[in-house]
Amino acid sequence: MKALITGGAGFIGSHVCERLLNEGHEILCLDNFDPYYSPAIKRKNVKHLLHRNGFVLIKTDIRNKRELEKIFQTRSIDKIVHLAAKPGVRPSIQDPLSYEHVNIGGTLNLLELGKEYDIEHFIFGSSSSVYGINDKIPFSESDQVNPISHYAVSKRACELFCRAYSHLHNMSISCLRFFTVYGPRQRPEMAVHKFTRLIDQREEVPIYGDGSSKRDYTYITDIIDGVVKVLNKKFDFEIFNLGSSKTVELRYLISLIEENLGKKATIRRLPEQPGDVPITCADISKSKRLLHYDPKVSIEEGIRRFVEWYKEAE
């Protein structure tokens, strides 16, 4: 298989590239090295892959359709794993237009090229944020969604475009709703990485609200297992939750990081933030049934592994 991985130098993308290379596939890794966080981190994510056979890294932007078209004209591509996006719930509230341009516009460019070049399977990296505030726990793919941030709206809009392209152009498309992914190479501003760094450096840890919010934290290897299982199948159009299906309270998460670092957190309490949701929890029964998806890493084991990586990476 020859796969194009957009956002391939990012957190999830670099792990997808590594896993598929290890399984003998050819990888075209596309990334624009956006300065949302340090491009040096992303370059480090894929440095160990650069000299491996079957791996090609291309720097370009998914908003640039002309450059994308050159890639499709000159490279053989069987499947697309589209992970490139402008991330972040809170920043999206400050700058919604950039989320429209990157997340929606870039995805449309890739869908158009996928249609034109008869791609076998298009996998879109969506987000649990599309559910918004949902009274029904756990969240099921069949639930009505209610996104409450511009980031979440952009992801939901892309899902709808994916559905339309599948229906109108007979494209095989799968949308994956990721639930709070963490693990080695996690972006530095994401909760697990940020809290670990601040506690380790004995700086204040900002907590929005009373610490009772709950998230379905999912370890990176479980997410990558799900992505690969989707790649190995073919659907007309499906949406899949990829999560652990277990909720973890923020206060407990911090206690696990403290335990593994051997240091206590200094908490600074702040008001709840617009766009944040009180709980996320994935119903993974559909993913289990159709993909045989089976997450294995507990939050206790996952935090132990993450802190171990953090200490080695510092």
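I will start with a helix. Helix α1, residues 11-22, lies across β1, β2, β3 and β6 (173-178), and α1 runs at about 165° to β1. Keep in mind that this is a predicted model.

As a general point, strands of a sheet pair through backbone hydrogen bonds, either parallel or antiparallel. Which kind of pairing does this sheet have, and in what order do its strands come? The pairing is parallel, and seven strands form an open sheet in the order β3-β2-β1-β4-β5-β6-β11. At the edges sit β3 (55-59) and β11 (237-242), each of which pairs on one side only. From one strand to the next, the twist averages 20°.

Let me stay with β1, residues 2-6. Its pairing with β2, residues 26-31, is parallel and covers five bridges. Within that pair, Ile5 has Cys29 of β2 as its bridge partner, and Ala3 stands opposite Ile27 in β2. To get from β1 to β2, the chain passes through α1, and this β-α-β crossover is right-handed.

β1 also pairs with β4, again in the parallel sense, over four bridges. There, Thr6 stands opposite His82 in β4.

One more helix. Helix α3, residues 65-74, lies across β1, β2, β3 and β4 (79-82), and α3 runs at about 170° to β2.

That is what I have. Questions, please.

Conventions:
Residues are numbered from 1 along each chain as its sequence is written. This is a predicted model: local features need pLDDT of at least 70, side-chain atom pairs count only at pLDDT 80 or more; totals for chains, interfaces and linings use all residues. Side-chain values use heavy atoms; hydrogens and water are left out. Two strands pair if DSSP finds at least two bridges between them. Helices (H or I, at least four residues) and strands (E, at least two) are DSSP runs, numbered from the N terminus. Axes are lines fitted to C-alpha atoms, for helices over the stretch in contact, and angles run from 0 to 180 degrees between N-to-C directions. Contact means heavy atoms within 4.5 Å. A crossover is right-handed if, with the strands pointing away from the viewer, the path from the first strand over the helix to the second runs clockwise.
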